[in-house]
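Please open the model in your viewer and keep the sequence beside it.

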Amino acid sequence: MAKKVKTHSLRHIVAVSNNKGGAGKTSTVLNLASAIARRIEGYRVLVIDCDPQRNLSYFLGWDDRRELEGHPTLYTALCNEHQGLPVYHANNGLYFTPASVNLNGIDAILSLRPNPSKALSEILQRPIDDRTGEGLSTPHSQISTLFDFIFIDTQPAMSRMTYNALYASDGYIIPTELEEASVKGMTNIAVAASKVGADTGRLFIHGILITKKDGKLRSARLYEPQIRNSFRETFTTAVRRSKDITESQALREDVFTSYSGGRAAEDYTALATEYLRKFA
Ligand SMILES: Nc1ncnc2c1ncn2[C@@H]1O[C@H](COP(=O)(O)OP(=O)(O)O)[C@@H](O)[C@H]1O
Ligand SMILES: [Mg+2]
């Protein structure tokens, strides 16, 4: 049975990163955050979409037309030094900050700032721009008393934006497929994160997550023990390859909404349990 919480205290801000595309970053932010919000009734989980491809935003019901109509996105907040983080409420219960296609040009804008990698962490210090219609925040409420967890989806590149995500976080998760390119991408993030951590003194690895696992493949049998032996932070839970993930995303839903009894829902529930045991 789900535990209940009434007050909120931010445990962690977690960047989900791997500079290889298709490693399962977006699927993990969506489904791990949803699983955590379901495990503990009343938990507020915020996800921030830093990828100009904005798949996460779409899966949570965002429509680019809303941006054209003047609804703010992460880009709006990054461009305006006084604006808070715009926070919306999705149908599945998650809170989210949508990305914008304009994030494609954000690195050039940020590079003119005195602290180009710290714009997102500065935004997180300000009161939010509450777009939920629920009166979530008062003028004095801090992000740290509004949410219990924040997960940040990043783009598949070591861009300034990705560095901003790492600078704003105190933990990071690296999803990886069991294949050469994804494992290489994982190493790049680990190196970048250790540099950022040396600077902020507060960025720690929360785990490496094996995704799209297909035990029938030779590459899976080759890479899984290699990863587990090299990185003791690898989550015991691996997410198996499952069509539930792609199909639920086609419906713009998390796996619990569309395939609650399926394999992907089972794996992300197990991951949430393992994660909360270590980090709640
Ligand atoms: N466990 C899985 N099983 C099958 N397909 C998956 C799984 N995880 C992700 N996918 C699919 O793989 C593609 C890339 O995943 P995604 O999460 O978008 O990766 P990234 O954000 O790292 O680029 C998407 O089409 C997604 O639906
Ligand atoms: Mg993605």
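In which loop is F147 found? Select F147, and you will see that this residue sits in the loop between β7 (129–130) and β8 (149–153), where strands (E, at least two residues) and helices (H or I, at least four) are DSSP runs numbered from the N terminus.

Before going further, note that this is a predicted model, in which local features need pLDDT of at least 70 and side-chain atom pairs count only at pLDDT 80 or more, while totals for chains, interfaces and linings use all residues. Residues are numbered from 1 along each chain as its sequence is written, chains are lettered from A and ligands numbered from 1 in the order in which they are written, and side-chain values use heavy atoms, with hydrogens and water left out.

Stay with F147, which has a relative accessibility of 0% and therefore counts as buried (buried means under 20% relative accessible area, exposed over 50%, and partly exposed in between, with a 1.4 Å probe and protein chains only). If you show its contacts (heavy atoms within 4.5 Å), leaving aside neighbours within four places in sequence, the partners of F147 include H8, L10, R44, Y95 and L136.

Next, select ligand 1, which is surrounded by 15 residues, the closest being G22, K25, S27, S242 and Q249 (a residue is near a molecule if one of its heavy atoms lies within 4 Å of it). Helices α1 and α10 (243–250) each supply at least two residues of this shell.

Now look for polar atoms around the ligand. A polar side-chain atom of T26 lies 2.9 Å from an oxygen atom of ligand 1, and a polar backbone atom of G24 is 3.0 Å from an oxygen atom of ligand 1. A nitrogen atom of ligand 1, in turn, is 3.1 Å from a backbone N or O atom of R240.

From there, move to S27, which lies in helix α1 (residues 25–39) and is buried, because its relative accessible area is 15%. Leaving aside neighbours within four places in sequence, S27 is in contact with L32, I245, Q249 and Y268.

Finally, select helix α7 (residues 160–168), which is mostly covered, since seven of its nine residues are buried. Among them are M161, N164, L166 and Y167.

Conventions:
Polar contact = N/O pair within 3.5 Å; in protein donor to acceptor, adjacent residues only side chain to side chain.
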